[in-house]
Amino acid sequence: MHDADAIRQCRQGNTEAFRHLVQRYQRRALAHARALTGNDADAADAAQDAFLDAFRHLGRFDEAREFYPWFYVLLRNRCFKQRARAGDRAGATGATDGLETVASGGGSPEEMHDLRAALDRLTPADRELIVLKHLDGWTYDELAQRLEIPRGTVMSRLFHARQRLLALIAERRGGAR
Amino acid sequence: MTTRPTHSCDEVRMAALAALDGERAGLTSHDVEAHLADCVSCRTALAGLATLHADLGRVDYERLDVDLWPVLERRVAVDVPHRAGRGDSTRREVGAILGLTVVLVAWRLAQLLLDLPAPVVNSVVPLALVVFVLRWLTGDPFAIRLSSLELQQKGAP
């Protein structure tokens with residue numbers, strides 16, 4: 001089923017059509033949500049709320065657009081709310097399970113562990129940009145359009161986010177010595 | 001004699017990183033190379049950024065494998081059939097709030113004019129109206145969500 005057909009059927013109250021959208025996009029949404037919220041449970045809650053928001057507002061969806069970029073705005077808002085709610089809890093315990101379980105790759109286990117820990121210490125805004133760039137491969141133009149910021153700002157923010165990430169990794173390695 | 005344009009280290013690093021991303025930046029590759037030839041600090045910084053760029057490309061971000069649908073289906077069933085695709089939902093919501101306001105004002109006027117004697121009814125009826133309208137507007141506020149406990153039970157990482 002195409003997204004447009006599913007959306008049309010959802011508007012007529014067909015929840016099975018909505019299931020198609022949820023199951024098609026939930027993995028991607030959860031990955032984004034986890035990057036933005038920093039942990040699995042908040043990510044699942046935020047993604048769930050965002051899907052419900054999407055269902056409620058499908059009447060305002062412009063069928064000429066793609067579903068996910070539209071949905072991403074809802075997801076992003078939910079993630080930031082969820083993160084704000086969870087802020088005190090995470091701050092009190094200092095616990096973050098965000099990207100601890102997420103990374104794998106070609107670097108040594110220690111290097112990837114440092115990278116994961118550093119990613120988790122980035123601000124949500126920095127982490128969002130990096131995840132959108134490296135998980136989804138969005139171009140600077142797409143990032144600019146979807147985050148509603150100028151392309152030059154995307155370039156600058158990505159650069160500074162990655163510099164901060166490097167600094168956090170260096171700090172971690174310096175502290176480990 | 002030609003003068004070489006001067007660019008700050010940040011400009012050069014940003015342009016080099018953009019090139020790694022496959023993007024164009026304000027500087028030409030010649031500008032970047034010319035700067036790097038003279039700037040050890042930028043060469044070192046860019047080596048670190050290039051390694052980071054490669055490592056970020058190897059991170060697997062999609063490992064949380066949770067099906068949201070079973071819980072969402074319940075929430076949607078409670079919340080949405082009458083709401084899905086309602087293009088005029090805002091009008092309805094505004095109408096509901098205006099209607100509620102009118103009813104509450106009328107209720108209060110009736111209280112004043114008729115001097116209604118039952119204080120419990122006077123409190124409960126308006127409160128019930130408010131709860132009913134809010135419930136209708138927002139859906140089930142007590143809907144069960146997929147909590148961290150449920151996630152653990154599902155064996156999510």
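I began with chain A and found eight helices and zero strands. I take helices as DSSP runs of H or I with at least four residues, strands as E runs with at least two, numbered from the N terminus. The model is predicted; local features need pLDDT of at least 70, side-chain atom pairs count only at pLDDT 80 or more, and totals for chains, interfaces and linings use all residues. Residues are numbered from 1 along each chain as its sequence is written, with chains lettered from A and ligands numbered from 1 in the order in which they are written.

**Chains**

Along the sequence, chain A reads α-α-α-α-α-α-α-α. Chain B has seven helices and zero strands, and its pattern is α-α-α-α-α-α-α.

I then looked up burial. A residue counts as buried with 20 or more other C-beta atoms within 10 Å of its own, exposed with 12 or fewer, and partly exposed in between; C-beta atoms are placed from the backbone. Of the 177 residues in chain A, 40% are buried. For the 157 residues of chain B, the buried share is 19%.

Next came contacts, meaning C-beta atoms, placed from the backbone, within 7 Å. In chain A, 63% of the contacts between residues at least 6 apart in sequence join residues at least 24 apart. In chain B, 62% of the contacts with a separation of 6 or more are between residues 24 or more positions apart.

**Confidence**

I checked pLDDT, the predictor's confidence in each residue from 0 to 100. Chain A has a mean of 81, and 86% of its residues reach 70 or more. Over residues 91-106 of chain A, pLDDT stays under 50; the model has 35 contacts beyond four places in sequence for them. Where pLDDT is low, predicted coordinates should not be read in detail.

H3(A) has 18 residues and spans 25 Å from first to last C-alpha, close to the 26 Å expected at 1.5 Å a residue. The expected span is 1.5 Å times one less than the number of residues. I found 16 of the 18 residues of H3(A) buried, so the helix is largely enclosed by the rest of the structure.

A nonpolar core is a set of buried Ala, Val, Leu, Ile, Met, Phe, Trp, Tyr and Cys residues joined through C-beta atoms within 7 Å. The largest one has 66 residues; A:Ala33, A:Ala47, A:Ala50, A:Phe51 and A:Leu75 touch the most other members. H2 (residues 15-37) of chain A gives this core its largest share, eleven residues.

I followed A:Ala47. Beyond four places in sequence, its contacts are A:Gln26, A:Ala29, A:Leu30, A:Ala33, A:Leu75 and B:Leu68.

A:Phe80 sits in H4 of chain A. It is partly exposed, because 16 other C-beta atoms lie within 10 Å. Its C-alpha is 9.3 Å from that of A:Ala33, 47 residues apart along the chain.

The 13 residues of H5(A) (109-121) should span 18 Å, and the end C-alpha atoms are 18 Å apart, which agrees. Its buried residues are A:Asp114, A:Leu115, A:Arg116, A:Ala118 and A:Leu119.

A:Thr123 lies in the loop between H5 and H6 (124-135) of chain A. I count A:Thr123 as exposed, because 10 other C-beta atoms lie within 10 Å. A:Arg164 is 41 residues from A:Thr123 in sequence and 9.8 Å away, C-alpha to C-alpha.

Conventions:
Contact = placed C-beta atoms within 7 Å.
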